[in-house]
Amino acid sequence: MSELFYRLRKTHLIRIIEKSMLSMMPILMIGAYADVLATSFVSYDSWFINVFNLTYKINEVFEVRTLAFLHAIQFATTGISGLLLAYFIASFTAKKRDGAGITAISVLLMLSFKNNLADNKTMPFKTTVLNYNFILFSLVVGLIVGYIFNRWGTDIADDFEERVWNIFKPIFISFVLAVIIAFAILMFKVKATNAVFDGLIKQLQNANDYVSDLIWYAFAIVLYLIGLPYPIQTLYSSSGSVQEMTNFNYALLHNGSWKVPYRFLGSEIFTSYAGLMGLVALALVITILLFSQFHRRRTIAILSLFPTIFGNPIGLFMGIAVFFNPVWILGILSVSIVNITVVTILIAIKFIPPLAYASLWGMPDILSPFVGTNGNWGALLVTLVLLFVDVLIFKYWLKLDEKILRRVNDEEK
């Protein structure tokens, strides 16, 4: 297995993806901090404002303007991460030929244009395509544009005017191809992504038994790690399913969640105990801090610790090449499966109650099980034990990943 992963890791495509994501990491790290500060500390709905009863102690004008500033930073960083990835993928694929990166950005903007003209008064582009919800799409666009520049472009010339004319042909070909595809999307009103993923999200929200939880959430995790985070991102940001609201109302009426109708609701178990942006990501950060042999990886983990605690590990995932990496796909899958299995068993034997209560917005994810069970200390204990177990599991995968990475780096020297 190690040899297979090594062969995949050293391929030209994977190396381009890793270099592109590492290049994006500093920008996305800034966006992650801005997002956490906005949602967890500044917004009136945040846990920080509510826990410390600061609602009437903060100037409203200050709060609104600070939020606007932080949201601007967030949009200019993580909000355009799809554009950034297309830029870097095209640039590295075209071997630094002039114009490939900026052409990829223009092509992606054309393809993300909304097909409902009534929605174009505020933002004419689909933000889910521009950010990292569909980075697989950005990757494909960057690769195609880079290939076009390799096929029809020429090497960089010393004369500036000659360099401009050298890139005219690949730019023209890229734009013609983008216009044809974008026009087809507009004419036929293609909404395949919504149709496909809305069905998956509904399955994720409705799963209420162990087998369904494992199947659907394992599938969603794989999608996330191959560049399609949209289903899991939507699951985290959604206001709650009918099943979740039913459990919540039952818990309020009966003063406890032990006998709620949906005891094994996958959306609650996954986001609280096995979520990619919660406990699992935090365990990965701790594992790298404790056991990584690469100084730069430990530095990335240190920088990622604060936003990861509050549910935004995108800087970490980009910095250590989690996406499109079979080692981390298997590692994260194994950790999530263990966590879901353990929690399902403990709920079945009534060691911990099912999750039913709402968590405060922006609260540290490690506290979600404790709050979601209305302060059950057993749930908090289970969370801490799972965190310890997850670190031990990740230790194996980290050593395997770094063994392969060291071998690839030595070969490239």
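Residues are numbered from 1 along each chain as its sequence is written, and side-chain values use heavy atoms, leaving out hydrogens and water. Because the model is predicted, local features need pLDDT of at least 70 and side-chain atom pairs count only at pLDDT 80 or more, whereas totals for chains, interfaces and linings use all residues.

Rings of Phe, Tyr and Trp (for Trp, its six-membered ring) are paired if their centres lie within 6.5 Å; a pair is stacked with planes under 30 degrees apart, edge-to-face over 60 and tilted for the rest. By this rule there are 22 aromatic pairs. Trp47 and Phe310 have ring centres 6.1 Å apart and planes at 25 degrees, so this pair is stacked. The two residues are 263 apart in the chain: Trp47 belongs to helix α3 (residues 47-51), and Phe310 to the loop between α17 (295-309) and α18 (314-319). Helices here are DSSP runs (H or I, at least four residues), numbered from the N terminus. Trp47 and Phe310 are both buried, that is, under 20% relative accessible area, with exposed meaning over 50% and partly exposed in between (1.4 Å probe, protein chains only).

Phe113 and Phe125 make an edge-to-face pair, with 6.1 Å between centres and 75 degrees between planes. Both lie in the loop between α6 (100-111) and α7 (127-130), 12 residues apart. Phe113 has 28% relative accessibility and therefore counts as partly exposed; Phe125, at 22%, also counts as partly exposed.

Trp47 and Phe310 also belong to a cluster linked by ring pairs, together with Tyr33, Phe41, Phe48, Phe52 and Phe306.

Charges over rings come next. The criterion is NZ of Lys or CZ of Arg within 6 Å of the ring centre and within 35 degrees of the ring normal. The charged end of Arg407 is placed over the ring of Tyr6, 3.6 Å from its centre. Arg297 lies over the face of Phe294, 6.0 Å from the ring centre.

Helix α5 (residues 81-93) has 13 residues and spans 18 Å from first to last C-alpha, close to the expected 18 Å; the expected span is 1.5 Å times one less than the number of residues. Of the 13 residues, 12 are buried, so α5 is largely enclosed by the rest of the structure. Among the buried ones are Leu83, Leu84, Leu85, Phe88, Ile89 and Phe92. Their cover includes α2 (12-42), α6, α7 and α8 (135-152), where contact means heavy atoms within 4.5 Å. Lys95 follows α5 and has a positive phi, near 55 degrees.
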